[in-house]
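Please look over the sequence and the structure shown here before reading on.

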Amino acid sequence: MDTRSRNFRFQWAAGQKLPKSYVPDLVPSSFLRTWHAKDVDADVEMGVGNAQRLRNEGKCDKPVGWIDQESIRYATLPSSSWRWLIVKAFAKFLSTIGALVFTIICISMLITVEDDWRSLLQEFYIPVMFYGGGTSVLIWGIISLIERLFPRWIYKDPQGPLWEFNRRTGLVTAFRNPKKKRDAGQVAWQSPFSEFDGYVHSGPTHQGLPLYYGAMVHRYREEALTLTAFQAASANDEDHKALWNFWLQYMDSTAPLPDIPLFEPHRHKDPVTAEHDKATGRHSRYWRDMDEVTYKQKTDEIYKKCLKVFG
């Protein structure tokens with residue numbers, strides 16, 4: 001029985017509903033760029049190192065978030081970490097793009113004032129560049145130095161998970177907002193993945209252009225998740241349809257894991273995937289031993305296939 005309110009249905013189920021069937025190994029091409037094969041081994045080592053560090057600190061055996069053959073649990077940095085990174089990004093922008101735009105504006109002003117160019121240069125351009133630009137460069141440099149020498153000051157452990165897709169149990173779990181310590185790790189709701197439908201929603205940008213994002217919505221209850229953590233909102237809807245296609249295959253425990261670099265170190269741990277790879281003769285380091293030219297070619301092929309299937 002559908003117990004969802006009219007407002008909920010209007011907000012979450014008003015987009016384009018996506019099919020429940022999927023095309024094997026078809027994922028957004030951004031997956032191959034975000035989780036590049038050359039970084040896979042380092043990420044696995046870092047995950048093992050973080051787990052050992054947490055054990056040494058008397059905490060849980062696993063980090064708050066992870067990606068493996070059994071489940072994908074998503075967690076993000078605490079707000080204090082994001083503040084550092086946002087200030088750094090803003091300072092970097094002012095030091096580069098902002099300084100360039102300001103210089104172009106001042107040059108156009110210098111051309112128009114002609115006789116009074118010295119005062120404009122001395123009383124306006126140089127002070128603004130020295131105090132504004134210099135301060136931005138200093139902030140950018142200090143945070144970058146801290147990030148390099150003392151990364152734990154910025155990249156703190158997440159306070160708690162936000163959601164989890166469990167391939168082994170078939171359940172989707174949403175957790176309470178971890179900003180409040182007492183809510184961190186507490187389950188907000190949990191339902192079988194089979195009871196969710198995928199949607200692509202669209203909305204206008206400030207320029208009036210369409211912007212698409214993916215979401216999954218429970219068929220009967222007021223439970224929904226946006227999928228922008230894995231695929232940011234974009235100007236095309238093909239990537240979001242491919243993302244839903246990815247979740248359908250990942251959560252199908254009767255099928256092998258999607259064949260992408262992200263899962264390559266874990267394929268032998270999943271019985272169905274291991275049997276499939278043995279039968280097809282797939283090399284255990286297929287992606288990680290691939291040269292850059294072939295890797296780029298594979299990325300382009302996946303992108304073109306997404307356009308053909310979902311376009």
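This is a predicted model: local features need pLDDT of at least 70, side-chain atom pairs count only at pLDDT 80 or more; totals for chains, interfaces and linings use all residues.

Residues are numbered from 1 along each chain as its sequence is written, and side-chain values use heavy atoms, with hydrogens and water left out.

The secondary structure of the protein comes to nine helices and nine strands, where helices (H or I, at least four residues) and strands (E, at least two) are DSSP runs numbered from the N terminus. Along the principal axes, the C-alpha atoms fill a box of roughly 80 × 50 × 50 Å. Of the 311 residues in the protein, 38% are buried, a term that means under 20% relative accessible area with a 1.4 Å probe and protein chains only.

Strand β5 (residues 171-175) has four of its five residues buried, so the strand is largely enclosed by the rest of the structure.

| Strands | Sense | Bridges |
|---|---|---|
| β4 (residues 163-166) and β5 | antiparallel | three |
| β5 and β6 (residues 187-192) | antiparallel | five |
| β8 (residues 210-218) and β9 | antiparallel | three |

Tryptophan 163 stands opposite alanine 174 in β5, and leucine 171 has proline 192 in β6 as its bridge partner. Strands β4 and β5 form a hairpin with four residues between them, and glycine 170 in the turn has a positive phi of about 80°.

An open sheet is formed by four strands in the order β1-β7-β8-β9, with antiparallel pairing. Strands β1 (16-17) and β9 (224-226) stand at its edges with a single partner strand each, so one side of each is left without a neighbour in the sheet. Methionine 216 has leucine 225 in β9 as its bridge partner.

The second largest pocket has a volume of about 190 Å³, the volume being the space filled by probe spheres set on grid points that are joined across faces, edges and corners. A pocket is an open set of points on a 1 Å grid over the protein atoms alone where a 1.4 Å probe fits, with protein on both sides within 12 Å along at least five of seven lines, and lining residues have an atom within 4 Å of a point. Among the residues lining the second largest pocket are Pro24, Asp259, Trp287 and Lys305.

Key. Buried means under 20% relative accessible area, exposed over 50%, partly exposed in between (1.4 Å probe, protein chains only). Two strands pair if DSSP finds at least two bridges between them.
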